[in-house]
Amino acid sequence: MKQIKHVSIKKASNAVLKRMRQIGVDKAERLQNIQKRWDSGDYKDVEIIKV
């Protein structure tokens, strides 16, 4: 699996634009859920590393 940070699509169809928006919404929801779990203390003894 590859992670793409910046995507440019020329002449994108409405279906592509709709899907890209949905991907952004889904990602925001996942991050929000993780933040809520972090704040409530669900994660114990966790070490955060940046790769």
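Modeller: The accessible surface of the protein chain comes to about 5800 Å², and carbon and sulfur atoms account for 54% of that area. This is a predicted model, and the values here are computed from it. Of the 51 residues in the chain, 0% count as buried.

The overall form comes next. The chain contains one helix and zero strands. Its radius of gyration is 16 Å, whereas a compact globule of 51 residues would have one near 10 Å. Along the principal axes, the C-alpha atoms fill a box of roughly 45 × 25 × 15 Å.

Lys11 sits in the segment before helix H1, which covers 14-40. Lys11 counts as exposed because its relative accessible area is 85%, and the cut-off for that class is over 50%. The backbone at Lys11 also deserves a remark: phi is positive there, about 55 degrees, although Lys11 is not a glycine. Most residues other than glycine have a negative phi.

The charged side chains can be taken together. The protein chain has 13 positive and 6 negative side chains. The centres of these two sets lie 16 Å apart. With a limit of 4 Å between a side-chain nitrogen of Lys or Arg and a carboxyl oxygen of Asp or Glu, the count comes to one salt bridge. Its partners are Arg37 and Asp42, whose closest N and O atoms are 3.6 Å apart. Arg37 has a relative accessible area of 42% and is therefore partly exposed. Asp42 is also partly exposed, because its relative accessibility is 46%.

Past the helix, Ile48 lies in the segment after H1. Is Ile48 buried or exposed? Ile48 has a relative accessible area of 66%, so this residue counts as exposed. Ile48 can also be placed relative to Arg21: 27 residues separate the two in sequence, and their C-alpha atoms are 29 Å apart in space.

To return to your request, the surface includes Lys11 at 85% relative accessible area and Ile48 at 66%, as well as the partly exposed Arg37 and Asp42, which form a salt bridge with each other.

Conventions:
Residues are numbered from 1 along each chain as its sequence is written. This is a predicted model: local features need pLDDT of at least 70, side-chain atom pairs count only at pLDDT 80 or more; totals for chains, interfaces and linings use all residues. Side-chain values use heavy atoms; hydrogens and water are left out. Helices (H or I, at least four residues) and strands (E, at least two) are DSSP runs, numbered from the N terminus. Buried means under 20% relative accessible area, exposed over 50%, partly exposed in between (1.4 Å probe, protein chains only). The radius of gyration is taken over C-alpha atoms; the globule rule is 2.2 Å times the number of residues to the power 0.38. Accessible areas come from the Shrake-Rupley method with a 1.4 Å probe; for residues, only the protein chains shown count as cover. Lys and Arg count as positive and Asp and Glu as negative; His and the chain ends are not counted. The place of a charge is taken as NZ of Lys, CZ of Arg, CG of Asp or CD of Glu.
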